[in-house]
Amino acid sequence: YLPDVISWNETSKEPLFWGESGRMKIHKALDLMRRYPRTHIVHCRWGMNTTDFSEPFIDFIRQEVEEGRLENPASWWKGKFSFA
């Protein structure tokens, strides 16, 4: 993936901030969380109702956990996901 905006930790070489503008699929959001569990990920999209993304995203995560394909994110996700 290529972010629209990124800020790197020079020591660990991991992103501190990952900015996405426009459309982002829930699969990509979860993949970014898995790859960069300590990163602040921001999804920015004009006129977006956050529930249009967050509700299906939360449902997808719950389904992945229930079906055993994902460990509960509360145990490994230390980052932040926000909307702008």
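1. A helix in this note is a DSSP run of H or I with at least four residues, and helices are numbered from the N terminus. Val65 is found in one such run, helix α2. The model under discussion is predicted, and the points below should be read with that in mind.

2. The sheet. Four strands make up an open sheet, and their order across it is β1-β2-β3-β4. The pairing in this sheet is mixed. Strands β1 (5-8) and β4 (80-83) are at the edges, each of them pairing on one side only. On average, neighbouring strands are turned by 10° against each other, with direction ignored.

3. The antiparallel part. Strand β2 covers residues 15-21 and runs antiparallel to β1, to which four bridges join it. The hairpin of β1 and β2 has six residues between its strands. In this hairpin, Lys13 takes a positive phi near 65°.

4. The parallel part. Strands β2 and β3 run parallel and are joined by five bridges. Glu20 has His43 in β3 as its bridge partner. Strand β3 (residues 40-44) also runs parallel to β4, and four bridges connect these two. Here Ile41 has Phe81 of β4 as its bridge partner.

5. Helix α1. This helix spans residues 26-35. Its buried residues are Ile26, Lys28, Ala29, Leu30, Leu32 and Met33; a reader may wish to look at Lys28, a buried lysine, in the structure above. The cover over the buried residues of α1 includes β2, β3, α2 and β4.

6. Helix α2, overall. Residues 50-66 form this helix of 17 residues. From the first C-alpha to the last, α2 reaches 24 Å, close to the 24 Å expected at 1.5 Å a residue. Just after α2 comes Gly68, which takes a positive phi of about 80°.

7. Which residues of α2 are buried? They are Phe53, Ser54, Phe57, Phe60, Ile61 and Glu64. These residues cover an arc of only 130° around the axis, so they lie on the same side of α2. The buried residues of α2 pack against α1, β3 and β4. On the face turned away from the buried side, α2 carries the exposed residues Asp52 and Glu66.

8. Is Glu64 buried or exposed? Its relative accessibility is 9%, and Glu64 therefore counts as buried, the limit being under 20%. Not counting residues up to four places away in sequence, Glu64 touches Leu30, Arg34, Arg69 and Leu70. Val65 has a relative accessibility of 31%, so this residue counts as partly exposed. Leaving aside neighbours within four places in sequence, Val65 is in contact with Leu70, Glu71, Asn72 and Pro73.

9. Aromatic residues. How many aromatic pairs does the structure hold? There are seven aromatic pairs. In the pair of Phe53 and Phe81, the ring centres are 6.0 Å apart and the planes lie at 10°, so the pair is stacked; planes under 30 degrees apart count as stacked. This pair links distant parts of the chain, with Phe53 in helix α2 and Phe81 in strand β4, 28 residues apart. Phe53 has a relative accessible area of 6% and is buried. Phe53 and Phe81 also belong to one aromatic cluster, together with Phe57 and Phe83.

10. Thr39. This residue lies in the loop between α1 and β3. Thr39 is buried, as its relative accessible area is 1%. With neighbours within four places in sequence left aside, Thr39 is in contact with Pro15, Leu16, Phe17, Trp18, Trp77, Gly79 and Lys80.

Key
Residues numbered from 1 in each chain as written. Predicted model: local features only at pLDDT ≥ 70, side-chain atom pairs only at ≥ 80, totals over all residues. Heavy atoms only, no water. Pairing = 2+ DSSP bridges. Axes fitted to C-alpha atoms, helices over the stretch in contact; angles between N-to-C directions. Expected span 1.5 Å × (residues − 1). Buried < 20%, exposed > 50% of the residue type's maximum accessible area, 1.4 Å probe, protein only. Arc of directions from axis to C-beta. Contact = heavy atoms within 4.5 Å. Phe/Tyr/Trp six-rings, centres within 6.5 Å; stacked < 30°, edge-to-face > 60°.
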